[in-house]
Amino acid sequence: MTDALLTLEGLTKAYPGVVANDDVSFQIKPGEVHALLGENGAGKSTLVKTIYGLVKPDAGRMLLNGTPFAPANPRAARAAGVAMVFQHFSLFDALSVAENVALGMDDPPGQRQLGARIREVSEAYGLPLDPDRTVGDLSAGERQRVEIVRCLLQNPKLLIMDEPTSVLTPQEVQILFTTLRKLAAEGTSILYISHKLEEIRNLCEDATVLRLGRVVATCDPREKTARDLAEMMVGSVLHQPEREGGESGEVLLEVTGLSLPAPSDFGTPLREIGFTLRAGEVLGIGGVAGNGQDELLAALSGERPAPPGMISLRGRDVGRLRPTARRALGLLAAPEERLGHAAAPEMSLTENALLTGDVRERLSTRGFIHWGKARDFATRVIERFDVRTPGAETAAGALSGGNLQKFVIGREILQKPDVFVVNQPTWGVDASAAAAIRQALLDLAETGAGVVVISQDLDELMDIADHFTALNEGRLAPIRPARGLTIEEVGLMMGGAHDMDVADENAIAEVQA
Amino acid sequence: MDLGQINPVLLAASLMVAATPILLAAIGEMVVEKAGVLNLGVEGMMITGAVVGFAVAVNSGSPAAGFVAAALAGAGLALLFGLITQVLKSNQVATGLGLTLFGLGLSSLIGKPYEGIKAPSLGKLDIPLLSDIPVLGPVLFRHDPMVYLSLLIVLGVWAGLKYTRAGLVLRAVGENHTAAHALGYKVIRVRLAAILFGGASAGMGGAYLSLVRVPTWVEGMTAGAGWIALAIVVFASWRAGRILLGAYLFGGVSVLQLNLQAAGVAIPVEYLSMSPYLVTILVLVIISLRGNHGAPGSLGRVFHASS
């Protein structure tokens with residue numbers, strides 16, 4: 001017991017109506033990379049918030065190096081040597097890198113000194129950063145570096161990482177792992193949370209699996225298959241997406257030379273994008289966030305009209321048409337941002353169903369709404385896609401991410417699109433919901449529709465796509481059949497690593513001296 | 001019409017006096033908005049400060065006591081706003097509008113017995129040597145202490161936000177309250193402090209109207225000064241330097257148009273009266289056309305601690 005860095009004993013935390021953590025106990029050894037696995041809602045976030053001092057447990061205790069550890073706030077946790085990289089970046093867009101780092105430290109040095117330290121540490125660990133740049137202008141990968149460097153500057157004993165790789169290219173992931181292994185070798189323990197099971201098998205030495213707030217298994221992930229791990233999380237046999245055939249039919253959607261200027265200072269222009277989508281085909285588009293995914297979806301859905309001659313649906317030029325007109329013709333889309341883009345959070349599921357289903361499901365006549373039909377449509381989506389909700393009158397914002405995503409996707413699929421464009425269909429969705437969504441997309445293609453899946457999850461694209469391409473700075477890489485692609489080839493299509501170097505041993509030694 | 005009546009030196013000297021109420025109110029509101037809170041009650045806090053400051057100054061004979069009381073009154077009203085919006089999580093826009101209406105009503109109630117009285121004079125701060133410089137002396141160095149205090153407050157706010165840790169935390173809270181909370185900063189406490197500062201500044205700005213600028217109590221005497229202060233904050237892109245520019249521009253045009261009216265220029269009075277508002281907003285719009293506007297990311301959003 002004494003050789004553990006952090007020991008959790010019987011941690012319990014209940015919220016009204018739900019027990020988030022129920023008698024959770026496990027240990028993290030010094031220098032160990034420990035995985036915390038579980039579906040959404042399994043209690044992972046509550047648990048790490050407890051360790052970081054944001055949540056006080058109802059019962060149970062923690063020991064850090066054998067002494068009782070009960071941080072009253074994150075400051076106390078940081079003082080004790082616990083640092084955390086958050087899932088949703090806890091960064092301030094309008095502030096500079098150095099200011100962001102200073103906010104995460106309790107006793108920051110002067111701005112100039114801090115800038116020098118940031119440069120030094122970030123370069124030593126292969127995560128170069130300019131301390132004077134405004135965070136709002138950085139790419140997702142660079143923002144994550146800011147978070148990591150902020151933690152490293154405090155020489156943490158325990159580094160908590162919540163879903164750190166969702167925005168990185170495979171090469172960047174490899175470099176991050178090299179950095180993490182190096183940290184672990186130096187004696188820093190890492191508590192690593194991820195949905196990506198292959199990564200956990202690759203990186204972690206020990207794993208604790210949570211289900212519904214309880215510890216259901218501990219194992220060495222290197223000895224298990226990804227499927228074993230997933231089934232431990234879900235507690236049942238996992239349904240793998242499967243499909244037959246994949247025969248391509250007539251051309252449904254044709255995009256030629258699609259170029260659009262960036263919609264804002266922070267956007268990406270689209271440059272000469274061209275592809276052909278046939279009936280029954282799933283086209284996977286990979287790429288790191290911020291390389292034109294949102295812009296491509298907006299151009300295809302009709303949110304931003306395109307010049308004539310660039311987008312045609314079954315031979316008809318639809319570039320100038322608005323989303324409703326494109327929907328009527330059978331081109332449907334589901335954007336990435338669930339709350340506020342794909343769905344209006346304050347409105348009920350019925351109202352949200354009406355917002356996109358109006359045209360194809362004929363939910364209104366002459367501007368008057370048929371509430372009964374709208375409710376039936378919403379209810380069909382809920383039943384068919386197993387959306388867990390009290391009913392169609394629940395506000396969209398009250399649903400968990402996975403359930404709302406199932407609703408958003410299901411709402412479009414039930415309208416029987418000819419072409420369906422979806423961005424990040426399974427982002428932040430747990431394994432079983434993700435499998436259901438992927439299967440639904442495959443089933444849709446099976447019925448003869450064309451599906452464009454834009455995603456940053458490469459495993460997902462490899463699972464379901466017939467053809468693969470990637471967006472890099474608004475350009476589309478040449479389209480290749482998905483079967484037989486190696487992860488290295490995919491990484492190169494995505495633009496490779498963005499100026500990251502593998503951590504430099506000597507520089508690290510210097511920094512620590 | 002006799003433009004020769006207008007003395008440019010006197011005009012420039014009265015510019016600073018005319019601008020001070022709005023400068024105080026705007027710089028206070030800027031701090032509030034930098035912390036992510038939109039308080040539309042500036043007008044109400046100003047006029048409450050005006051009447052309370054006036055009443056205390058008349059009864060005690062001390063204008064300084066009047067300013068202190070005005071700051072406290074403005075902060076008191078702001079505290080009400082802070083409790084309702086930060087603790088009870090009400091909508092900031094509706095609450096701020098309510099605060100303005102409440103302040104206008106409250107001030108006319110308190111002010112009834114004080115109508116038609118003249119305020120005790122604050123006195124000028126004749127800075128030796130400097131005030132004897134020709135032209136610059138009367139323009140810059142023969143004002144009352146509040147003019148210089150307001151400039152010090154602007155300087156302090158600028159430096160405080162830019163160079164101190166407290167200022168950094170305040171900006172962080174206004175930029176992204178969820179992240180600030182996750183890092184362990186007390187979002188609501190920071191915001192309440194900012195709201196109190198904004199209220200005190202607005203209260204002092206109001207008192208400057210009733211004690212120095214006019215100097216008497218007239219019902220509804222702020223006449224939209226609080227609203228122009230709010231507009232200046234937005235068009236100044238939340239920057240202290242531009243707020244100073246905007247307020248002095250507004251003060252300058254106000255004084256100029258009064259002089260033009262007195263000189264009998266053949267422009268309808270209504271146009272002259274609206275000119276300060278038009279010119280100020282026009283100039284600041286042109287300045288803010290380019291570049292980043294920098295509205296705080298969490299401005300006006302209600303903060304719910306998630307745990």
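I took two strands as paired if DSSP finds at least two bridges between them. Strands (E, at least two residues) and helices (H or I, at least four) are DSSP runs, numbered from the N terminus.

I was working on a predicted model, where local features need pLDDT of at least 70, side-chain atom pairs count only at pLDDT 80 or more, and totals for chains, interfaces and linings use all residues. Residues are numbered from 1 along each chain as its sequence is written, with chains lettered from A and ligands numbered from 1 in the order in which they are written.

Sheet, chain A. I found an open, antiparallel sheet of four strands in the order E12-E11-E14-E15. E12 (270–278) and E15 (316–317) are the edge strands; each has a single partner strand, so one side of each lacks a neighbour in the sheet. I traced two bridges between E14 (311–313) and E15 of chain A. A:Leu313 has A:Arg316 in E15(A) as its bridge partner. Helix H9 (293–301) of chain A packs on this sheet and touches E11 (251–260), E12 and E14. I noted about 60 degrees between the directions of H9 and E12(A) (axes fitted to C-alpha atoms, for helices over the stretch in contact; angles from 0 to 180 degrees between N-to-C directions).

I counted residues as in contact if their C-beta atoms, placed from the backbone, lie within 7 Å. Chain A gives 17 residues and chain B gives 12. On the chain B side, H7 (165–175) and H8 (177–182) each supply at least two residues. H7(B) gives the largest share, four residues.

Technical notes:
Two residues are in contact if their C-beta atoms, placed from the backbone, lie within 7 Å.
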